[in-house]
Amino acid sequence: MIICDINLNGESGLELCERIKQSPELRDTPVMFLSGAQIPDIIRRSHAVGGAYYLRKPFDPDVLLELIDKAMWMPHLVAAHAGA
């Protein structure tokens with residue numbers, strides 16, 4: 001699992017997520033955005049590039065742990081690991 005911000009030092013987390021999803025080795029890796037960015041339509045945009053979840057800062061640590069657990073049990077990940 002990869003957890004990143006929308007605003008990375010000189011780079012867009014959305015662009016990073018797109019590159020991850022284009023990589024055959026990484027495309028099944030869940031990506032969660034954890035950000036305080038107040039960008040219009042950011043949740044839809046984060047899902048459009050393949051992000052599993054978007055959590056706004058400040059966040060509840062229990063919610064973060066719950067979303068991580070859910071992301072790691074996404075059906076395509078379970079199927080991929082069962083066949084490995």
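In which loop does D41 lie? D41 is found in the loop between β4 and α2 (42-48). This is a predicted model, in which local features need pLDDT of at least 70 and side-chain atom pairs count only at pLDDT 80 or more, while totals for chains, interfaces and linings use all residues. Residues are numbered from 1 along each chain as its sequence is written, and side-chain values use heavy atoms, with hydrogens and water left out.

**First stop: D41**

Select D41 and inspect its backbone. Its phi is positive, about 65 degrees, although D41 is not a glycine. Most residues other than glycine have a negative phi. D41 is partly exposed, with a relative accessible area of 41%; here buried means under 20% relative accessible area, exposed over 50%, and partly exposed in between, for a 1.4 Å probe and protein chains only.

**Second stop: the whole chain**

Now colour the chain by secondary structure. The chain contains four helices and five strands; helices (H or I, at least four residues) and strands (E, at least two) are DSSP runs, numbered from the N terminus. Along the sequence they follow the pattern β-β-β-α-β-α-β-α-α. Of the 84 residues in the chain, 33% are buried.

Select β1, β4 and β5 together. These three strands form an open sheet in the order β1-β4-β5, with parallel pairing; two strands pair if DSSP finds at least two bridges between them. The edge strands are β1 (2-4) and β5 (53-56), each of which pairs on one side only. On average, neighbouring strands of this sheet are turned by 20 degrees against each other, direction ignored; the axes are lines fitted to C-alpha atoms, and angles run from 0 to 180 degrees between N-to-C directions.

Strand β4 covers residues 31-35 and pairs with β1 in the parallel sense over three bridges. Within this pair, C4 stands opposite F33 in β4. R56 and F33 are 23 residues apart in sequence, and their C-alpha atoms are 8.2 Å apart in space.

A search of the whole structure finds zero disulfides, a disulfide being a pair of cysteine sulfur atoms within 2.5 Å. The cysteine sulfur closest to that of C17 is in C4, 6.9 Å away, which is too far for a bond.

Move to D28, in the loop between α1 (13-22) and β4. D28 counts as partly exposed, at 35% relative accessibility. From C-alpha to C-alpha, D28 and M1 are 9.1 Å apart in space, and they are 27 residues apart in sequence.

Then select K57 and P58. A cis peptide bond joins these two residues, with omega about -10 degrees. Most peptide bonds are trans. P58 has its place in the loop between β5 and α3.

Select residues 61-72, which form helix α3. This helix has twelve residues and reaches 17 Å from its first C-alpha to its last, close to the 16 Å expected at 1.5 Å a residue; the expected span is 1.5 Å times one less than the number of residues. Which residues of α3 are buried? They are L64, L67 and A71. Seen down the axis of α3, the buried residues fall within an arc of 65 degrees, so they line one face of the helix; the arc is that of the directions from the helix axis to the C-beta atoms. An α-helix has 3.6 residues a turn, so residues three or four places apart point the same way. On the other side of α3, D62 and L65 are exposed.

At the start of α3, display D60 as well. A side-chain oxygen of D60 reaches to within 2.8 Å of the backbone nitrogen of D62.

**Last stop: W73**

Finally, select W73, in the loop between α3 and α4 (75-82). W73 is exposed, with a relative accessible area of 58%. W73 and P30 are 43 residues apart in sequence and 9.9 Å apart in space, C-alpha to C-alpha.

Note on methods:
Polar contact = N/O pair within 3.5 Å; in protein donor to acceptor, adjacent residues only side chain to side chain.
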